[in-house]
Amino acid sequence: MKTTTKRAVLGAAVLSLGLSGFAWAEPKTNFLSQWDSGSDGASIAKLGEMFEANGGKWQATSIAGHTANTLAKLRADVVAGNAPPAVQLKGPEIAEWNETGMTAAMDDLAEKEGWDDVVAPELLPVMKPKGSWVAAPMNIHRINWLWANKAVLDAAGVKEMPKTWADFNAACDKIIASGKICLAHLSADWTDATTFETVVYGQDLDLFRKAFMDADLDALRSPEMIKAFDQMRLMVSKYMDPEIAGRDYDAAINMMANGEAGFFLMGDWAIGNLKAAGFKPGDDILCQQAPTDWGKPGFILNADSVVFFTQKDPDYIEGQTLLAHLIMTKDFQTIFNQSKGSIPSRLDVDLSGDGWNPCQRQSQADLKGSIEADTLVRSMAHNMTVLQKYRGAMMDTITEFVNSPDMSSEDAANRMADAVEEQM
Amino acid sequence: MQTSVSAVPAATTAERGSLRAWLSAHTPQLVLAPSLLGTFVYVFLFSAWTLYISMTDSTLLPSYNFIGLDAYVRLWSNHRWQVAYTNLFFFGTFYVAGSMAVGLMLAILLDQRIRAESLWRTIYLYPLAVSFVVTGTVWAWLLHPTTGFEDLAHRLGWASFKFNWIIDRHKALYAIVITGFWHASGFCMVLFLAGLRSVDQDLIKAAQIDGASMGRIYRRVILPAMRPISIAVMVVLLQYAIKTFDLVLALTNGGPGISTVVPAIIVYDFMFQRGLIAQGAAAAIMILCALAVVLVPYALWLTWRRNRGAVHD
């Protein structure tokens with residue numbers, strides 16, 4: 001009698017524990033990213049707040065420094081069998097990790113919410129490398145912005161922002177004649193590559209697509225590429241100041257914002273820096289698409305996205321669905337992008353509200369214009385097109401070219417093609 | 001006759017006794033065994049694993065398909081790697097030789113029985129306590145013409161002063177070497193000072209009686225007696241030089257362009273950033289070869305000297 005009662009009580013206890021285990025399955029996640037501080041860290045904190053408000057348990061692992069450190073942690077975790085539920089990944093890396101078979105598909109959620117209809121078409125092959133949704137895009141950054149200091153332009157007699165590269169060169173000559181530096185710049189592999197890909201895109205859209213998106217060797221060696229290097233050499237030797245090597249990013253932006261230099265070629269994350277320093281993008285700092293020789297709206301895009309890895313714990317699986325859903329809501333896209341300076345990856349978010357500045361509205365308008373004109377491309381310098389091994393080879397040559405006054409354009413084009421070929 | 005006091009049979013006592021005796025005779029080996037095993041695994045086994053991986057087709061994640069020396073061929077045809085490997089030899093030579101020279105000079109000066117010697121020792125040794133990243137960042141500001149020495153000289157009125165090595169791609173490596181001197185010469189100084197103080201006083205007195213000047217005494221008596229310390233310092237500095245990574249990253253980030261990259265940066269880049277693990281492993285093995293090029297002849301020379309000395313005895 002005693003034993004049966006004991007067994008019954010134990011059995012009931014175990015059963016209730018098991019049942020309560022199911023009842024308490026709450027979505028949780030551990031988001032691995034490189035955004036640990038400043039406006040980036042604040043933006044991710046907002047995502048955490050939304051996640052908790054929707055009943056989830058939020059945890060974020062932020063690895064400071066270069067993206068490479070985050071990738072190293074991801075690789076270590078995956079090899080140890082402990083893949084993170086959500087990781088910040090972008091570009092060809094999504095496809096590479098998809099090949100390993102460890103990524104989780106979000107197709108059900110995507111179909112239910114209609115992601116295919118609202119996300120920019122150029123992003124779809126990146127988020128769906130094999131046809132199923134493995135990544136959720138958080139934002140769209142624009143690379144090909146030209147920033148200008150209005151006061152410097154007025155003083156030099158430049159009436160309007162240059163539309164083509166010939167206009168740009170003429171404006172620069174005027175600014176130099178008025179005693180200022182024309183183009184603020186800092187020489188690092190990514191900044192040299194950003195400026196160069198803007199030049200290539202502006203001069204020849206086909207060349208950009210063939211050379212930087214397909215890594216076509218003939219395009220890399222072509223006379224058009226040599227012409228692009230010529231323009232780059234003109235800019236480095238005449239329009240930039242000699243101390244570009246080793247300069248800080250902040251020092252370069254401030255050069256333009258404070259009126260020592262007229263122009264600055266950088267993506268839209270500069271908005272965050274300018275706002276923090278008290279400038280008004282759109283007012284005293286002008287923004288316009290970087291010069292193009294073919295006269296239509298152009299857009300080089302860079303998108304941050306979140307990739308989900310398959311998990312065994314049902315809490316994490318629920319958390320992934322919740323996180324993916326939240327990332328694609330208009331609310332999150334608005335809050336996140338307002339603080340980060342980019343524009344939403346959903347094309348149907350309205351930017352006419354207060355939190356957006358005129359440059360962001362221009363960015364969205366140009367994105368839509370560029371999609372219609374079929375001039376939308378992804379950025380090589382910011383790791384959205386070719387594999388890292390090719391991108392690294394290209395960036396090495398470009399930055400060496402910028403810093404070697406005696407390297408000819410033909411030399412540079414051939415070396416870039418050779419370096420890419422070695423990795424094939 | 002009394003054999004043993006305990007009631008245990010004599011055979012077991014003898015066994016136990018021999019086990020205890022064996023244990024006590026081999027205590028040092030047993031205590032060291034775990035560390036030795038750890039060192040063996042970490043140094044030899046993992047180096048062998050790296051060597052194997054460098055001959056496979058690993059890209060994003062390690063794979064074990066052997067394909068031969070393809071990674072080495074690709075590595076050596078990479079222009080950035082060629083620059084890095086040349087930089088390693090230049091940087092290593094100047095860094096080791098320069099730090100030892102500066103350290104020796106400081107040690108000789110400190111050896112002159114000056115006042116507040118321990119204060120000076122602390123000041124010169126302090127840079128070693130600063131991490132490479134902080135050293136690199138601060139010296140980057142100091143050496144850049146717009147924020148450092150050149151700017152200071154210009155503001156003081158010396159308008160034609162030029163010190164822009166760090167943005168000149170031919171001279172940036174020497175700027176890094178100077179920073180390396182600043183960091184490591186304190187360490188050399190301390191060891192050399194100990195060496196100087198440990199030279200037998202009788203030798204020096206004998207030389208003084210023979211009428212040698214102080215300079216001559218230093219050159220002919222004291223410095224040769226310090227050879228073992230010099231070798232120790234050289235080996236430690238070499239391993240600092242070979243694994244230089246954060247100093248270069250913080251100072252110039254491999255720039256201007258790619259003129260100051262070092263092999264450690266390339267290994268990290270290939271392995272973690274570019275998903276080329278096989279080539280990264282090949283680069284690591286080449287760094288090991290660079291070290292071997294220096295240390296293997298030295299080990300052979302030491303053995304040859306020892307054998308020659310034994311013969312003469």
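This note sets out, point by point, the main features of a predicted model containing chains A and B.

1. Contact between the chains. On one side, 25 residues of chain A are in contact with 26 residues of chain B. The elements of chain A that each contribute two or more residues to this side are α3 (67-79), α19 (388-403) and α20 (409-422). The largest share comes from α19(A), which supplies eight residues. By class, the residues on the chain A side comprise eight nonpolar, nine polar and eight charged.

2. Make-up of chain B. Chain B contains 14 helices and zero strands.

3. Overall form of chain B. The radius of gyration of chain B is 27 Å, whereas the globule rule gives 20 Å for 313 residues; the value is well over the rule, so chain B is more spread out than a compact globule. Along the principal axes, the C-alpha atoms of chain B fill a box of roughly 105 × 70 × 40 Å. Buried residues account for 30% of the 313 residues in chain B. Of the contacts in chain B with a separation of 6 or more, 67% join residues 24 or more positions apart.

4. A helix pair in chain B. The axes of α4 (residues 79-110) and α11 (residues 227-242) of chain B come within 9 Å and cross at roughly 140°. The crossing of α4(B) and α11(B) is right-handed. From α4(B), the residues that take part are Leu88(B), Phe91(B), Gly92(B), Tyr95(B), Val96(B), Ser99(B) and Met100(B). They meet Ser230(B), Val233(B), Met234(B), Leu237(B), Leu238(B), Ala241(B) and Ile242(B) of α11(B). This contact has 11 nonpolar and three polar residues, and no charged ones.

5. Positive phi at Ala215(A). Most residues other than glycine have a negative phi. Ala215(A), which is not a glycine, has a positive phi near 55°. The residue lies in the loop between α11 (205-213) and α12 (217-221) of chain A. With 23 other C-beta atoms within 10 Å, Ala215(A) is buried, because the cut-off for a buried residue is 20 or more.

6. Positive phi at Asn253(B). In chain B, Asn253(B) has a positive phi of about 55° although it is not a glycine. Its place is in the loop between α12 (246-251) and α13 (263-273) of chain B. Asn253(B) has 19 other C-beta atoms within 10 Å and is therefore partly exposed, since a buried residue needs 20 or more.

7. Strand β3 of chain A. In a regular strand the side chains alternate between the two faces of the sheet. In β3 (residues 86-89) of chain A, Ala86(A) and Gln88(A) point one way, while Val87(A) and Leu89(A) point the other way; all are buried.

8. Partners of β3(A). Strand β1 (residues 28-33) of chain A pairs with β3(A) in the parallel sense over two bridges, and Phe31(A) stands opposite Ala86(A) in β3(A). Strand β11 (residues 305-308) of chain A pairs with β3(A) in the antiparallel sense over four bridges. Here Val87(A) stands opposite Val307(A) in β11(A).

How values were computed
Residues are numbered from 1 along each chain as its sequence is written. Chains are lettered from A and ligands numbered from 1 in the order in which they are written. This is a predicted model: local features need pLDDT of at least 70, side-chain atom pairs count only at pLDDT 80 or more; totals for chains, interfaces and linings use all residues. Two residues are in contact if their C-beta atoms, placed from the backbone, lie within 7 Å. Ala, Val, Leu, Ile, Met, Phe, Trp, Tyr, Cys and Pro count as nonpolar, Asp, Glu, Lys and Arg as charged, and the others, Gly among them, as polar. The radius of gyration is taken over C-alpha atoms; the globule rule is 2.2 Å times the number of residues to the power 0.38. A residue is buried if 20 or more other C-beta atoms lie within 10 Å of its own, exposed if 12 or fewer, and partly exposed in between; C-beta atoms are placed from the backbone. Axes are lines fitted to C-alpha atoms, for helices over the stretch in contact, and angles run from 0 to 180 degrees between N-to-C directions. A crossing is left-handed if the near helix is turned anticlockwise from the far one by less than a right angle, and right-handed if clockwise. Two strands pair if DSSP finds at least two bridges between them.
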